[in-house]
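Dear colleague,

I am passing on the structure below, and the notes that follow it set out what was found. Please read them with the coordinates open.

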Amino acid sequence: MELVSKNQCFGGTQAVYKHMSDVCGVEMTFGVFLPPQAKNRSVPVLWYLSGLTCTHENAMTKAGMQKYAAEHGLALVFPDTSPRGSNVADDDAYDLGQGAGFYVNASMEPWSQHYQMYDYVVKELPSVLQGALPVNGKHGITGHSMGGHGALTIAFRNPQKYSSVSAFSPIVNPTASNWGRKQLSAYLGADESLWTKHDACLLLEEHGWAGSILIDQGADDQFLELLKPEAMAKLLAKRRQPSVMRMQPGYDHSYFFVASFAEDHVKWHAERLNAS
C-alpha cells in the first residue's frame with residue numbers, strides 16, 4: 001500500500017492508497033476513511049461500491065458518509081469500479097470496460113486478463129487492509145446502482161463474511177436488464193446459467209438472506225426501467241424477507257439522492273456491526 005493522500009476529516013482521516021493487485025494484474029487505487037475511534041481500537045468496515053463511470057473518488061467526495069461513520073465508529077472503504085490503464089481492455093461505451101467492471105470475475109477475452117473485480121473486492125482488498133489498518137473482521141457492504149448490484153450479490157453469496165447489506169438504487173435483476181445482459185454476456189459469455197450468481201433477485205430467491213435488507217430507490221430515477229426495483233419488491237414480499245425498501249418521491253439517480261439518505265444507511269450498518 002502506497003499512500004497517495006491523507007486528510008483529517010471529522011476527527012478521523014480520509015486517505016487514498018494505491019497498490020499492485022495480484023488478481024487484477026494492475027495497480028489499483030482505493031479510498032479509506034478511518035473514524036476517530038480507530039486511534040484506540042480496531043473498527044468494523046463498511047464497503048461502498050460505486051456505479052457506472054465512477055472511480056474511488058465519487059462516493060468519497062460526494063456521498064457525505066464520513067460524518068456519520070465518525071459518529072458510529074465505522075471505517076469506510078471505497079474501491080474503484082474496475083481495473084484501469086493503457087494496457088487494460090476497454091470499450092467506447094460508458095457501460096462496458098473501464099469504469100464498468102460489474103463486480104464479476106470475467107472469463108472471456110479480452111476482459112479476463114484484468115477484470116477480476118469480484119475476487120478483488122471480496123478477497124484481495126480485505127486481506128490487504130486487514131494487515132495494514134486498524135480494522136476488525138466485521139464487514140458490511142453497500143453501494144449505488146452498479147455498486148448496489150455488487151453489494152447485494154456479494155453479500156448474498158458470502159453471508160459468512162458480511163453482517164449487513166444495503167443499497168442505493170441498485171440494479172437488482174441484471175439478467176433481465178440491458179444494464180446486465182450486455183455486460184454479463186461480454187464478461188462471462190453466452191451461457192446464461194453462468195450469470196445467475198450475479199443477479200440479486202435470483203440469488204435471494206434461491207438462497208435467501210438471514211438478516212434484514214435496506215434498499216432506497218428514487219421514485220423519479222431516470223433509469224427505473226434498467227434498475228427494475230419492482231422485481232425486488234415482489235420478491236421481498238413473496239419471501240416475506242425482513243427488509244426496508246423505500247421509494248423516495250422526487251429523488252433521481254444522482255449523488256444528491258445518495259447523500260440525502262447516507263445517514264440512514266450508515267446507521268443501519270452500525271447497528272448490525274455493533275459499532276459505536
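Gln-8 stands opposite Thr-13 in β2, strands here being DSSP runs of E of at least two residues and helices runs of H or I of at least four, both numbered from the N terminus. β1 is joined to β2 (residues 12-20) by 7 bridges, and the two run antiparallel; strands are taken to pair if DSSP finds at least two bridges between them.

Please bear in mind that this is a predicted model, in which local features need pLDDT of at least 70 and side-chain atom pairs count only at pLDDT 80 or more, while totals for chains, interfaces and linings use all residues. Residues are numbered from 1 along each chain as its sequence is written, and side-chain values use heavy atoms, with hydrogens and water left out.

The open sheet consists of 9 strands with mixed pairing, in the order β1-β2-β3-β5-β4-β6-β7-β8-β9.

The axes of α6 (residues 200-207) and α8 come within 10 Å and cross at roughly 5°, so the two helices are roughly parallel to each other (angles under 35 degrees count as roughly parallel, over 145 as roughly antiparallel, 65 to 115 as roughly perpendicular and the rest as oblique). On the α6 side the contact is made by Ala-200, Cys-201, Leu-204 and Glu-205, and the residues of α8 include Leu-235 and Arg-239.

His-144 lies in the loop between β6 and α4 and, at 5% relative accessibility, counts as buried (under 20% relative accessible area, with exposed over 50% and partly exposed in between, for a 1.4 Å probe and protein chains only). Leaving aside residues up to four places away in sequence, His-144 touches several residues, among them Tyr-48, Phe-168, His-253 and Tyr-255.

Ser-254 lies in the loop between β9 and α9 (255-273), and its C-alpha atom is separated by 9.6 Å from that of Gln-222, 32 residues apart along the chain.

Definitions and conventions. Axes are lines fitted to C-alpha atoms, for helices over the stretch in contact, and angles run from 0 to 180 degrees between N-to-C directions. Contact means heavy atoms within 4.5 Å.
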